[in-house]
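We will go from stop to stop.

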Amino acid sequence: HRSPRARARAWRGEEGNGRDPVDRAGWPRGATLAPRGGKLKDRAAPAAAAPRRRACPHSGGGMARLVAFGNPMQDVTFGVDAAFYERFGLKGGIELRRGIEAHRKILAAAHEGREAQYGAGGSALNSAKAFVWSLRKVGTSEDEELTGAATMVGAIGDDAEGQRLEDGCRACGIVPELQQVTGVNTGVCVVLVGDEDAGKDRCLFSIQGAYKLYDPKPLQAALEEAARPKADPSSSPGLAEQLREARILYATAFTLTNDNRAEAVASFFAFGNPDRIPEQGTPVSESKRRTVALNLSSAGLYGGGMSVMHRLLPLLPLVDVLFGNEEEMRSFAAELLGRDVRPELQEILGGVAEHLRAGATLVVTRGAEATAVARVGNDAGSECEARLRTIQVRVPPLEAPLVNTNGAGDAFVGGFLAGLGLGLELESCCAMGHNAAAKVLLQADAGIL
């Protein structure tokens, strides 16, 4: 077997497979500047065996490492029938918000006569798992080099579920840098997957826990240490070393629902921007610049009482890649602009792009419809929607019947970021994202490994 680095060179085309399919900016030849309301260029995803060889604008090339910050949770998945949905007034395709007591009652009922599937989860951790899985698809599952390719940062409780979650991280090659909060339970995400009569869709709800109590100070200390040259080459690796080696920093907007985690994300993202690192440390050179990625997470976070906009807006100038599904992007754009946004995708992208820095990339998933990828041009301002380079990459059909949609979006993000880590251009990043999402869609839970 070839090593992961050799496989990465093959994926990037460094072993000589054809002409350069992209322009100097790293974009596919033929990608158009789509004006407001214009039709987007539709492109098929490249075959997995021959991805595009020019790195995308945010890639540093090589085998990048990922550090993800999020809400680690223990996933508990049950298969249920339509009668169970009817008993509790549930329906597929929703996230339930009925309060902790109601959630505990449904969880207890789900345990009656049903086998639960457990997995280390939460949105960011699901993406980290897909990141490692995608790299292994390029290399081999036995490659020790991939152990530690991703690190998960967050908080868990001092309970059995927290220990199980840590063990689950290690089992799939992820380094758990998880604070343990005494006297608090680990967060749990319950997924109810309906049968044929229930539409094969899922209903999920969470029982919040320790992740909300994350203390940003240890992370901030590690970031300051990571910004300086390593003093002792023989010192054991810790969070600072994981951050020093990282090339991709990723967080979900779910972490912005309280001030302590939002403070942690702000420091985390500033570390990825060398010109914004505190002066007391030696700034990271531009060649070591990290790719900063953010997931909008949920349309419910924008507008209404749960809005995280006041915490998210200061972060936007630090973001290189912004992920969201179409509903999330529309809700986000509407709150950014202070008005309803027409359903045309290009208007949604234009509204968001006005608030991003030049060179940033938006990635919009739309279920089975083509994934849209747009890059903000150098001319920002009121005409920004006319400066978007936008392509669409078709989603290949599933090879088997759909089983479960839970976690597919998270898996797409992990696969896409793995493509960035391999130095691939954006169409091939989408192809890796689609491949990871398909893996989840064809199994019962969100655990890709």
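The tour below starts with the whole chain and then moves to single elements and residues.

**Before you start**

This is a predicted model, in which local features need pLDDT of at least 70 and side-chain atom pairs count only at pLDDT 80 or more, while totals for chains, interfaces and linings use all residues. Residues are numbered from 1 along each chain as its sequence is written, and side-chain values use heavy atoms, with hydrogens and water left out.

**Stop 1: the whole chain**

Colour by pLDDT, the predictor's confidence in each residue, from 0 to 100. The average is 80, and 76% of the residues score at least 70. Now select residues 277–284. The pLDDT there is below 50, and the stretch has 15 contacts in the model beyond near neighbours in sequence. A contact means heavy atoms within 4.5 Å. Select residues 380–386 next. Here too the pLDDT is below 50, with 14 contacts beyond near neighbours in sequence.

Switch to cartoon. The protein has 13 helices and 16 strands. These are DSSP runs, numbered from the N terminus: helices are H or I with at least four residues, strands are E with at least two. Of the 449 residues, 57% are buried. Buried means under 20% relative accessible area, exposed over 50%, and partly exposed in between (1.4 Å probe, protein chains only). Take contacts between residues at least 6 apart in sequence: 73% of them join residues at least 24 apart.

**Stop 2: helix H8**

Show the side chains. Buried residues of H8 include Arg261, Ala262, Val265 and Phe268. What do the buried residues of H8 pack against? Their partners are strands S3 (66–69), S11 (248–252) and S12 (291–295), together with helices H6 (216–226), H7 (239–245) and H9 (309–312).

**Stop 3: the cores**

Select Leu243, Phe269, Leu312 and Phe332. They have the most contacts inside the largest nonpolar core, which has 57 residues. H8 supplies the largest share of this core, six residues. A nonpolar core is a set of buried Ala, Val, Leu, Ile, Met, Phe, Trp, Tyr and Cys residues joined through side-chain atoms within 4.5 Å.

Go back to Phe269. Leaving out residues up to four places away in sequence, Phe269 touches Ala251, Val292, Ala293, Leu294, Leu315, Leu318 and Val319.

**Stop 4: salt bridges**

Side chains of opposite charge can pair when their charged atoms come close. The rule here is a side-chain nitrogen of Lys or Arg within 4 Å of a carboxyl oxygen of Asp or Glu. The count comes to eight salt bridges.

Select Glu241 and Arg244. Their closest N and O atoms are 2.6 Å apart. The two residues are three apart in helix H7, so about one helical turn separates them. Glu241 is buried at 14% relative accessible area, and Arg244 is buried at 14%.

Select Arg330 and Glu326. This salt bridge is 3.7 Å, N to O. The pair is four residues apart in helix H10 (residues 326–337), again about one helical turn. Is Arg330 buried or partly exposed? At 28% relative accessibility, Arg330 counts as partly exposed.

Select Arg366 and Glu369. Their closest N and O atoms are 3.9 Å apart. Arg366 is buried, at 16% relative accessibility.

**Stop 5: the strands**

Find the open sheet of five strands. Its order is S5-S10-S9-S4-S6, with mixed pairing. Strands pair if DSSP finds at least two bridges between them. S5 (94–95) and S6 (117–121) stand at the edges with a single partner strand each, so one side of each is left without a neighbour in the sheet.

Zoom in on S4 (residues 73–80) and S9 (residues 188–194). They run parallel, joined by seven bridges. Asp75 stands opposite Cys189 in S9.

Move to S15 (residues 369–376) and S16. Six bridges join them, and they run antiparallel. Thr371 has Val393 in S16 as its bridge partner. Five of the six residues of S16 (residues 388–393) are buried.

**Last stop: Ser297**

Select Ser297, in the loop between S12 and H9. Its phi is near 75°, a positive value in a residue other than glycine. Most residues other than glycine have a negative phi. Ser297 counts as buried, at 12% relative accessibility.
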